[in-house]
There are 2 protein chains.
Amino acid sequence: MRIGEIAALVGLTTRAIRHYHHVGLLPEPERRPNGYRAYSVRDAVLLARVRRLTELGLGLDEVRDALADDAGRELAEILKELDADLARQEADIRERRRRLGALLAEPPGATGPVSPGLAALLAQAPRTDSPSAAKDREYLTLVDATGTGSQEIFALLATLVADPAVVELYERLDALAEAPADDPRIVLLAADLMAAVPDELFAAIPQDGVVVAGLKEALLAEYAPAQAEVVRRLMDAFMKRGRG
Amino acid sequence: MRIGEIAALVGLTTRAIRHYHHVGLLPEPERRPNGYRAYSVRDAVLLARVRRLTELGLGLDEVRDALADDAGRELAEILKELDADLARQEADIRERRRRLGALLAEPPGATGPVSPGLAALLAQAPRTDSPSAAKDREYLTLVDATGTGSQEIFALLATLVADPAVVELYERLDALAEAPADDPRIVLLAADLMAAVPDELFAAIPQDGVVVAGLKEALLAEYAPAQAEVVRRLMDAFMKRGRG
DNA sequence: AGAAACCCTGCCGTTGCGTCAAGGTCAAGG
DNA sequence: CCTTGACCTTGACGCAACGGCAGGGTTTCT
């Protein structure tokens, strides 16, 4: 048989068979005078076996081991490993499909799924289009997505934002967008903000901030100078009180 | 944030993030004076989304589409496709595990699983260590594995080999191993062989032989000249009677 | 001041072939 | 006889999503 014929017979492509030769899975057969590969019935039998095994999901080197004429013990081991591997993959796929289903179920917000704690928090928060509030929501969504924040903190924050007075605080922060870094309102706002934070929340803040040091700078970089000053004061206070 | 920080935050490797820049999934952020990438909170949010989507199994270009700020409709479509794809994969894996289980269940013969028809045939066949019979078994295993043979033919063959007289025929074929191509026993054996084949079997042979022309030559190449002559006569007869 | 722990830009390796590219070979038909 | 067309040959690049390494600079801690 020529390569195309044996390929059609066992249901492989010529390219695959040449590949098997290349990687040493199947030795190169004799050649005809014209250089064509001349395959025997035994080659076909071997290739049929190779096909069965690769279709089961074995890698080519595993197939090589399994075919190494000492098949017996070796093979069973490989197959058991493979089955375990497939079981893992299957569970994996099921988990993914589960999450996919959750995603497909609720298409309102494009922000993706959030933990129940954060969901409650966002539901509690007053409807405002303050840019600063938007930044906060973005930040909270991030810490939620990264698993950095605890449900406890979200709960405490929920009681905080339930107070309609926070809207005014956000507006005062927004108002500092164009202000210089030494604007007197900075100190006042920082003090009022800290006064609004209940003690339990202070206690709940993890001492090393938010796991990643650089996140603090990145956060400050999002604000105008005067606003950043307010946020910095708040964060410093959280750090100190959190520790003490 | 530097790349290592944001990577730790969202749970990716720095290498992956750089890869995303490279393929245009996420634009390169500003650089610090020293050349380090400087990431913002928004980058972290984006990367968190990327991670969620890739973990679901989306390819990077699909993620790119899904993130293209028009997310809404596009995304749901992609996700539904993905779910269908995962369903296929899951079924696939289950099928593979099923066959794996079958393989693990019966480890006696290393030849792999055979169709019920062939199994019955092999069980019926008398125990002989005739090399010619071994060739036949190999050949039958091959056509079975490739799905080239029908269960009907196996059944007809089973009735044929149930006759203990076939052993003698095989032995006469073996005896021709060293014979010249014009040995008088050739004609006799060929005639006896054809006489042993029931008419139903002739009728059941597909007219175009065995799908692949070259298989015939390959088969003949396995025999010594005199034996090949016998086999060739048999095959010719099959071809002619099969058609007529 | 030196080591540890970062960061940078390439470039090769992985898996199992698909897909050209740039040709030889062979059987059949005008 | 010459031309298709369907085969065959070797060789090399492409793919998906990064991992790992080389060879170098920066920052930071001690």
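**Reading a helix face and a DNA surface**

Mentor: Let's start with helix 6 of chain A, residues 116–124, whose buried residues are Gly117(A), Leu118(A) and Leu121(A). Keep in mind that this is a predicted model.

Trainee: How are the buried residues of helix 6 of chain A arranged when seen down the helix axis?

Mentor: First the general idea: an α-helix has 3.6 residues a turn, so residues three or four places apart point the same way. In our case, the buried residues of helix 6 of chain A fall within an arc of 90° when you look down the axis, so they line one face of the helix.

Trainee: Which exposed residues sit on the face of helix 6 turned away from the buried side?

Mentor: That face of helix 6 of chain A carries Pro116(A) and Ala123(A).

Trainee: And what do the buried residues of helix 6 of chain A pack against?

Mentor: Their partners are two helices of chain A: helix 7 (131–145) and helix 8 (151–161).

Trainee: Leaving aside neighbours within four places in sequence, which residues is Leu160(B) in contact with?

Mentor: With that exclusion, Leu160(B) touches Val166(B), Ala196(B), Pro198(B) and Leu201(B). For a sense of distance, take Arg99(B), which is 61 residues from Leu160(B) along the chain; the C-alpha atoms of the two are 31 Å apart.

Trainee: Now the DNA. How many residues surround DNA strand C, and which are the closest?

Mentor: There are 18 around DNA strand C, and the closest are Arg15(A), Tyr36(A), Gly4(B), Arg18(B) and Arg37(B). Of the atoms of DNA strand C that come within 4 Å of the protein, 70% belong to sugar and phosphate.

Trainee: Which helix gives the most residues to the surface near DNA strand C?

Mentor: Helix 2 of chain A does, with four residues. Helix 2 (14–22) of chain A, helix 1 (3–10) of chain B and helix 2 (14–22) of chain B each supply at least two. By class, the surface near DNA strand C has six nonpolar, six polar and six charged residues.

Conventions. Residues numbered from 1 in each chain as written. Chains lettered and ligands numbered in written order. Predicted model: local features only at pLDDT ≥ 70, side-chain atom pairs only at ≥ 80, totals over all residues. Heavy atoms only, no water. Buried < 20%, exposed > 50% of the residue type's maximum accessible area, 1.4 Å probe, protein only. Arc of directions from axis to C-beta. Contact = heavy atoms within 4.5 Å. Near = heavy atom within 4 Å. Nonpolar A, V, L, I, M, F, W, Y, C, P; charged D, E, K, R; others polar.
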